[in-house]
Amino acid sequence: MFVAQGRLRYTRNWAYLEVDPELTNYYLWLLSAELLGFRYAKHSLPKIQRPTWGGHISVVRKEERHLCRDWDIARGQGLDFSYDNIFYTNGLHFWLDVESENLQLIRELLGLSSCNHLHLTIGSYRISEKET
């Protein structure tokens, strides 16, 4: 596991840890390089795009927002997290698994249960309207 830090950010319905863009750029580059061989050898794969919000770890998703108390707790705080350097995918999105006692504590302070699958979103395949 590797250790990094991010800043806690809030929108109206979402809380997330904003991660250093260089960390995301590095893993996006690695992922693209790894897939490049696959792309040329077997299939034509779509390009991987960066997340709209940049590399991030979701702390509270919008479907949980209505359960929260003390919204905005620790806004802008720098929080540590540990991450694994193994890529995971659901076929569309790519991420790295994350562990963070700090983020679990924030969820608890907001009145939510701990999250059993924190992850750092790296990117996703770009899907055009013609493909959907």
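The stops below go from aromatic rings to paired strands and end at a pocket. Keep in mind along the way that this is a predicted model.

**Stop 1: two rings from separate parts of the chain**

Select Y10 and W71 and show their side chains. The ring centres are 4.8 Å apart and the planes meet at 75°; an angle over 60 degrees counts as edge-to-face, so that is what this pair is. Now colour the strands. Y10 belongs to strand β1 (residues 2–10), while W71 sits in the loop between β4 (56–60) and β5 (78–89), so the contact ties together parts that are 61 residues apart in sequence. Are these two residues buried or exposed? Both Y10 and W71 are buried.

You'll find R65 over the face of the W71 ring, 4.0 Å from the ring centre.

**Stop 2: a stacked pair**

Next, pick W14 and Y16. Here the rings are stacked, with 4.3 Å from centre to centre and 20° between the planes. Both W14 and Y16 are buried, too.

**Stop 3: an aromatic cluster**

Select F2, Y26, Y27, F81, Y83 and F87 together: they make up one aromatic cluster. How many aromatic pairs does the model hold? The count comes to 10.

**Stop 4: along the strands**

Leave Y83 highlighted and switch to the cartoon view. Y83 stands opposite V98 in β6. The two strands to look at are β5 and β6 (residues 93–99), which pair in the antiparallel sense over five bridges.

Now move on from β6 to β7 (residues 119–125). These strands run antiparallel and are joined by five bridges. To see two residues facing each other, select L96 and L120: L96 stands opposite L120 in β7.

**Stop 5: the largest pocket**

Finish with the surface turned on. The largest pocket has a volume of about 160 Å³. It is lined by 13 residues, and the ones to select are P51, T52, H56, H93 and T121, the closest to its centre. Which elements give two or more residues to this lining? They are β4 and β7, with β7 giving the largest share, four residues. Colour the lining by residue type and you'll get three nonpolar, nine polar and one charged.

Methods:
Residues numbered from 1 in each chain as written. Predicted model: local features only at pLDDT ≥ 70, side-chain atom pairs only at ≥ 80, totals over all residues. Heavy atoms only, no water. Phe/Tyr/Trp six-rings, centres within 6.5 Å; stacked < 30°, edge-to-face > 60°. Buried < 20%, exposed > 50% of the residue type's maximum accessible area, 1.4 Å probe, protein only. Lys NZ or Arg CZ within 6 Å of the ring centre and 35° of its normal. Pairing = 2+ DSSP bridges. 1 Å grid on protein atoms, 1.4 Å probe; cavity = no way out; pocket = protein on both sides within 12 Å on 5 of 7 lines; lining within 4 Å. Points joined across faces, edges and corners; volume = space filled by probe spheres on them. Nonpolar A, V, L, I, M, F, W, Y, C, P; charged D, E, K, R; others polar.
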